[in-house]
Structures are given as C-alpha cells and as structure tokens.
Amino acid sequence: MTISLESALEHFENLRPASKRKIETYAKRCYLDFMNPETTKAWEENRGDKDWERALTRPWYDLVHSCYTPTGLITQGAYEMKMRKGTPTKDHCFRPQFVYRFMLDNRSQFEDFEVFRKWFIMCTSTIFVTGKENDNLSLGGTNNRGDDYEIVASTDQQYIFANLPLYKYSGETRWNKKTLTEVSNLIEAPQALLDYEKKFIRS
C-alpha cells in the first residue's frame, strides 16, 4: 500500500457520496480563491511577509482540514488507542498549507481545475496517529517562527524522521477484530513538490 496522489484518488472514490460531495464543493471554493487575480497579486507583492503568507494560505488549510480521505493506515499507538475506545488524531500527511504555498508559486500548473482538484483531494489524505505522535510530526514539519521559513524533514520522510512505522488495518467493522500489516512509511509525494521543498530544508 502506498501513500500518494494516485492512491488518494482511489480512496476518494470509495467515500460516501456526502463526503465526496463535500470535498468536491470545498475544492471548487478553493479554486475560486486561487484563480482570483487579487489573490495572485497579493501573493506576488507580499512574498516573505509571514503574516500575508499565512493569511493567503490559511483558507485552503482550513477547508482541507475539514475533509478526510482515509488512507487506511494507522500507527501502533493510534491502534492501541482505538482498542481502548479512544479517539486518535487524523493527520493530514501531505502538509496542506505548505502544498498550497507550492501551488501559489507555480500557479500556471494548477489553472486547470482537474489538476487543482486532484491536489486538493491528495491533501485530504489522513493517517490515524495519537496526539503526541502528531506533535512529534509537527517538530519535523515547517518552522516559520524565525527569520527564515524552514522545513526540518521533507514530506516523503516525515514518518521516517519521527520513527513512526505505519500499518494497514483490515476491514472488519469492530476494531478488536481488525488485524494490522506493516507497510512502508514513505510518503510518495509528487516529485515537483519534493524538488520545491529542497530550498527550505534545514541544512
């Protein structure tokens, strides 16, 4: 089992109709903002201003985080939480806010809504983790508190960096009946995104 744009699209097709409709609607709403010339102008004129960058990428982040396309993957800690009838965190594993930054910097690649839509769906991909594990993943993510915008671990390596093995869970309804199979914890992010990240990776 892989974690990729292609697998996200496959998982999307298996969602309930109401969930699919929500994702499609939110993608279209984000696209309206993305194609607004005023958004492009504001992004180009205020690159490097952290307040502006947050303000322009936050609406996308909020709408993506309102949607979930399960990858079917879970950490051991989250599985144990499920067994105790707890509620794990759903980690949006493609770092949606940073992805939108990439899209704004490469606007011409996403003017076709079908391309834009696929990346929106990719960003809704979620993995079950514990709250503490989610905090640890954040430590390997983006850091814009200092003078420079930095990434600690690249998108594809974040679960490896956090030392979090991933497991596919079986399809039984009850969690105490499910079985786990370990799978790769490499995230197969689009190569263009990984190339873009390189200039932000902390040396």
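A nonpolar core is taken here as a set of buried Ala, Val, Leu, Ile, Met, Phe, Trp, Tyr and Cys residues joined through side-chain atoms within 4.5 Å, where buried means under 20% relative accessible area, exposed over 50% and partly exposed in between (1.4 Å probe, protein chains only). The model is predicted, so local features need pLDDT of at least 70 and side-chain atom pairs count only at pLDDT 80 or more, while totals for chains, interfaces and linings use all residues. Residues are numbered from 1 along each chain as its sequence is written, and side-chain values use heavy atoms, with hydrogens and water left out.

The largest nonpolar core holds 49 residues, of which Trp60, Met103, Phe116, Trp119 and Tyr159 touch the most other members. Several helices (DSSP runs of H or I, at least four residues; strands are runs of E, at least two, and both are numbered from the N terminus) each supply at least two residues of this core, including helix 3 (37-45) and helix 4 (50-64). Helix 7 gives the largest share, seven residues. A second, separate core of seven residues includes Ile74, Tyr79, Tyr167 and Trp175.

Turning to helix 1 (residues 5-13), its buried residues are Leu5, Ser7, Ala8 and Phe12. Seen down the helix axis, these fall within an arc of 160° (taken from the directions from the axis to the C-beta atoms), so they line one face of helix 1. Glu6 and Glu10 are exposed on the face turned away from that buried side.

Arginine 101 lies in helix 6 (residues 96-105) and counts as buried because its relative accessibility is 7%. Beyond neighbours within four places in sequence, arginine 101 is in contact (heavy atoms within 4.5 Å) with residues including Glu53, Tyr149 and Phe200.
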